[in-house]
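Biologist: Hi, could you walk me through this one? I'd like to ask a few things as we go.

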Amino acid sequence: MIKFEIDGKKIQAKSGSTIIEAADAAGVDVSHIPRFCYHSKLSIAASCRMCLVEVENGRKPLPACATTVTAGMKIYTKSHQAMQAQKEVMSFLLINHPLDCPICDQGGECELQDLSMGYGRTSTSFIEGKRSIKDKDIGPLIATEMTRCIHCTRCVRFCSEIAGLRELGILGRGEHSEISTYVEHSMQSELAGNIIDLCPVGALTSKPFRFKARAWELRARAGIAGHDCLGSNINIHIKRESDSQPERIMRVVSRTNEKLNETWLSDRDRFSYTGLYHADRLARPMIKQIGKWQETDWETALTVATQKLQNVIAQNGAQAVGGLISPNSTVEECYLFQAWLRSLGVPHIDHRIRQSDFDHQIQSPLVWSTCKCVQSLEETTSFLLIGSFIREEQPLITSRIRKATQGGARVHVINPVDFDFHLTLTNRCIVSPWGMVCSLAAIAQVLFGNDKKKLNIMPKPIAELIRQQKPNTVEHDIARDLQQDKAPLILLGALAQAHPYFSYLRVLSETIAIEIGAKTLHLTDSANEAGAWLATALPHRRIDGVSIKEPGYNAKAMLAKTLKSYCLFGLEPTYDSAYPELARTALQQAECVIVCSAFKNKAMLEYADVLLPIATHLENEGSFVNIEGTRQSFQRSVNKPFAEARCGWKVLRVLANFMGRPGFDYQTVLELSSELSRNLENDLQSEHIPPVDFKPLPTVSDNTVWRCGYWPIYRNDSLVRRAEPLQVLTVEQDLAKLRLGAALATHLKVNNGDRVSVSSDHPDAKPVTLQVLIDQRIADATVCLPSGLPDIAINGPLSVVRITT
Amino acid sequence: MQHNIVCFRTRHLDQPWSLENYRSVGGYKQLERILNDKIPPEHILERIKQSALRGRGGAGFPTGLKWSFLSRGKPIQKYLICNSDEGEPGTCKDHDILMLNPHQLIEGMIIAAYVLGTTVGYHYLRGEFWHAFQRCEQAIKEAYQEGYLGKNILGSGVDFDLYNTLGAGAYICGEETALIESIEGKRGWPRFKPPFPANYGLYGLPTTINNTETLASVPVILQHGAKWFAHLGGKENGGSKIFSISGHVNQPGNYEIPLGTPFSELLNIAGGVWKNARIKAVIPGGSSMPVLPGEVMKRTRLDYDSLSKAGSMLGTGAIIVMDEHTCMVNALACITEFYYEESCGQCTPCREGSGWVTRLIKRIEAGQGKPGDLDCLEQIAKGIEGRTICAFGEAIAWPVRSFLKHFRAEFEYHIEHGCCQVAARVR
Ligand SMILES: Cc1cc2nc3c(=O)[nH]c(=O)nc-3n(C[C@H](O)[C@H](O)[C@H](O)COP(=O)(O)O)c2cc1C
Ligand code: SF4
Ligand code: FES
């Protein structure tokens, strides 16, 4: 600690702190030092000169953002010299700044406007002409008004330091400098929207929000973002109801949480709100009467739903009903969903709609692996990433890893596609989905392949697989690096989770982790996977954590077995399921399909019987459990969700009430939450479960072709799929094309642009015709065809496919 | 007075740049002696300190002291950079060193590298120096062939690789940290200091950067001894210096003469003021330095301390002479326009202030001046000075303030009468 003085007040700070850091840390005790270019999360530019302060015995004023404090230093932030410097810098900043505050979207929340109140002069001595700069089109998210730019370069630094993509830079020199993308193009970074928050003036503003409201007309409510497992903290900005418009969510901005999102937000979390009032939004409950849809009131809709469901149960038993809930639902919704269905005797309950391999589920821990790791990601020095397009799945976790690599951390990946993460990778195994399992086994072999004892206690097929491997140099390198590192981290992503040999990947990675003292972490691609596990929206476990002797069907089996009735919550299975083909058939043939959803779609109107409109996460109340295992509660941001929509937990409670189930008398979500907390805190202990058998190794021939079907960033859930500005950004690789490497193209005798048909690997699968795009990033024996796209129903995001030319 | 005895010592020869000619005046002898006799680097450093050699790039920082900042012993890569960006208007001395005596610079750099313990050097030339670049390429090639550069120089175990790099035409890339950024392939934007290049330079590693003339002086200092060099000039003002004299003189050009020579003597050497006109003003150190009235200059000696006492600076040694027919408003407008065009745009006072002063002065020149403009001008200059990242801010502020200080009446005349006083008098 260093002792020094600011404005006569005695202050202490860590050695190496800058004056501005020390002053900010001292908080209210010290007057605020004005600044523009400084941002605590970015490198120091020291260029705006707004933060000049006087330092005793200093020859000239020094920038507080770039000057480190020394013992005994006496700093004056409000002395004549300091104020003179600050005021003069302010007048320089204002001479070329347009006086268009009345029509500027930043008005009311503009750092330049705020500071000019304190430091600006009321009249100007500047009578020369002002410069103006041509605006740039940088895409559907960010509006530019470059004449307003004050050259603080926060946006430029953000792109290269945090987003890892140098999309913005400065062109020209001196007064003619301008921020630009060099060649005009839409910004591709999935974090680009942060530059709107960073820009201290109105040069970069939100395009979707443009001219929609003034800052002072908005009310901010704290919320939790709902599109990945980080649980970023957000503020939801709402405009009051007026004569011309009902209450509306106008925008979402980031809310600082150092442990999770810091001050950032991904574009998906920031702009998904633009999908809220899409034409597909369900405004009122709907029922299908003799094949015709009609809107109705809640009472009627619930009555119809009750009757239909009770009919099915009366005739076929509760065994004929299956319940699927989205892992983006709140903990409370998951809990009530399973409680309601279990109270009816329904055994088939699941949220794992993107999983393919459920073996070993009974031995999985009560909560999907979580650890308090987000902040420590930056200190981690070795990562092994298995099956993840992490930049699209978890944009902000990726930026933490990026920061680690900037400090020298090594990242190794095992993936079916050489995805671009905008960070430096040390080693990559780009192999087919089955190759992923083999690579991991090869790494295991390097680590303990000769240890008979260790192999003998492993499940047979896995030990066998490890023995078979002939590790290559990359696998050797990865193994050695993991072994030498103090605390490596193994990350399993959404593609691992969707993998048909997920159980293998999981056992192998856990075995490796134990061997080398690593941690493993599952990066789930939904907001509340951990919460759904805790609330046991699962077929094999009761809310008290005890395994069910004869578990119900899992998400895949439920669809494969074609049940009589399905209850869907927050899902569009033809987009969201790993088995869209199975889903369509199963739902279509069912007698009764009850859907609680915020949105409708074409297929849904065909298969559903009752549609109950629910709130999206931005309008909802409840809680999410994130990757760290932290349960974050949020209150309703709006007075009421869109039109007649209701919070999901209320709909589920009333459904239970209508069906005469006792014990569903919650008046508020708080009551429900506290009951749930009691349940969750009951020190859940997994009972000892004997080892289960693993499925045998697959037979892989030279002609086997695998599919990699990741969910593109903006196809991941029903809200983002309707956020139009985000849809505009869908880049070519996410389009419905069949991408494959040159070797496979030669083998199949196809060329760029040829049309081929692709289908799942079973006899009566319907083929889809697609154009070929040769792409060297795709592993051998693999084709890449994203999931979640309209009209492409192929089962199994990582399974074997058949291609006919 | 002795002319052309340091950097220009080959100038009298035919093809002065050839290796052969350089050798004929004792070239590479010092390097050979140092390596053969294994003279400890500290000894050479001591000589340089005793010679009172000061930086010829503008700031006049004592070279020996600068070299001692680089921690020689640190077991990491260190770099030596030679600054041949020579962008300051009026300055053209480095160009002539490169054209006339490139080997002396190379020898100076190798010796500097030996003293500093650096194994890699960069020679940064401004983008327009295409001929000089080619000459240096040729010279470096010859030096490699003779075993003066590369690994295990002359069997001594000492390594030094030297590369020429061309800039892309920005004045600011002469500023040492902007130059470093430019070598790294980035925009030439000066860095905030501290840290200084000695700790955090090229690629973040310790770096020493010197001007061409500074480095090219080293072999001669070692040949004739530190005392000899120091005695050429006055106290703390060792050696001789190349003065690039330009403007209204009969024989503009580069003259290498001892520091401390009276200005009037140099003026004589350069043939005096042209057309028998009277001298009005002189900028003694490149266009960014404060202007002085001709009368003051006539009484002043050309060295660091004398000029600073007179209210200006030696700078790069580029002397711009203006005769009585010069319009000082126009002269200042030309100077500020240059800096307006060359500001890198990074920091606010310089980016915005350079445009403001330029527009304001041009408006006055055009006869549109208003009362209060001069105070405003003074105010803007003060607002830039000492508030910027690099010394470019002073390069705008000093001319403005010194022109107003010494020639305010001429500016007032422009404002009051809407026309030029000098032109009116001529009429
Ligand atoms: C705006 C600006 C431009 C400069 N241009 C040059 C230049 O063209 N050549 C040069 O040698 N030094 C230039 N300098 C000075 C260098 O920053 C540096 O001080 C010098 O190269 C150090 O060498 P010396 O110690 O040998 O003088 C410039 C400085 C500033 C602030
Ligand atoms: S003073 Fe001028 S040239 Fe120097 S960094 Fe600032 S803007 Fe660039
Ligand atoms: S905040 Fe310190 S210079 Fe910009």
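**Chatting through the model**

Modeller: Happy to, and keep in mind that this is a predicted model. Let's begin with ligand 2: the residues in the shell around it divide into eight nonpolar, five polar and no charged.

Biologist: Which residues are the closest to ligand 2?

Modeller: Those are Cys344(B), Cys347(B), Cys350(B), Thr388(B) and Cys390(B), out of 13 residues that surround the ligand.

Biologist: Changing topic, how many salt bridges are there over all chains?

Modeller: The count comes to 67. One of them pairs Glu88(A) with Arg387(B), with the closest N and O atoms 2.6 Å apart. Glu88(A) sits in helix 2 of chain A, while Arg387(B) is in the loop between helix 16 and helix 17 of chain B, so this pair joins two chains.

Biologist: Are Glu88(A) and Arg387(B) buried or exposed?

Modeller: Both Glu88(A) and Arg387(B) are buried.

Biologist: And what does Arg721(A) form a salt bridge with?

Modeller: Its partner is Glu572(A), and their closest N and O atoms are 2.8 Å apart. Arg721(A) and Glu572(A) are both buried.

Biologist: How about Arg646(A), buried or partly exposed?

Modeller: Arg646(A) counts as partly exposed because its relative accessibility is 30%. Arg646(A) forms a salt bridge with Glu644(A), at 3.5 Å between the closest N and O atoms. Glu644(A) is partly exposed too, at 28%. Elsewhere, salt bridges that share partners join a set of residues into one network, including Asp280(A), Arg354(A), Glu572(A) and Arg721(A).

Biologist: Now helix 8 of chain B: why is it largely enclosed by the rest of the structure?

Modeller: Because seven of its eight residues are buried. Among them are Leu179(B), Ile180(B) and Glu181(B). The cover over the buried residues of helix 8 includes strand 1, strand 2, strand 3 and strand 4 of chain B. Just after the helix, Gly185(B) takes a positive phi of about 90 degrees.

Biologist: Back in chain A, where does Arg270(A) lie?

Modeller: Arg270(A) is in helix 6, residues 267–271. At 3% relative accessibility, Arg270(A) counts as buried. Leaving aside residues up to four places away in sequence, Arg270(A) touches Gly193(A), Asn194(A), Asp197(A), Val252(A), Val253(A) and Leu265(A).

Biologist: Last one: which residues form a nonpolar patch on the surface?

Modeller: Leu171(A), Tyr182(A) and Val183(A), with about 300 Å² of accessible area together. Leu171(A) belongs to strand 7 of chain A and counts as partly exposed at 32% relative accessibility.

Terms used:
Residues numbered from 1 in each chain as written. Chains lettered and ligands numbered in written order. Predicted model: local features only at pLDDT ≥ 70, side-chain atom pairs only at ≥ 80, totals over all residues. Heavy atoms only, no water. Patch = residues over 30% accessible without salt bridge, like charges linked within 9 Å, V, L, I, M, F, W, Y side chains within 5 Å. Areas by Shrake-Rupley, 256 points an atom, 1.4 Å probe, with all protein chains shown as cover. Salt bridge = Lys/Arg side-chain N within 4 Å of Asp/Glu carboxyl O. Helix = DSSP H or I, 4+ residues; strand = E, 2+ residues; numbered from the N terminus. Buried < 20%, exposed > 50% of the residue type's maximum accessible area, 1.4 Å probe, protein only. Near = heavy atom within 4 Å. Nonpolar A, V, L, I, M, F, W, Y, C, P; charged D, E, K, R; others polar. Contact = heavy atoms within 4.5 Å.
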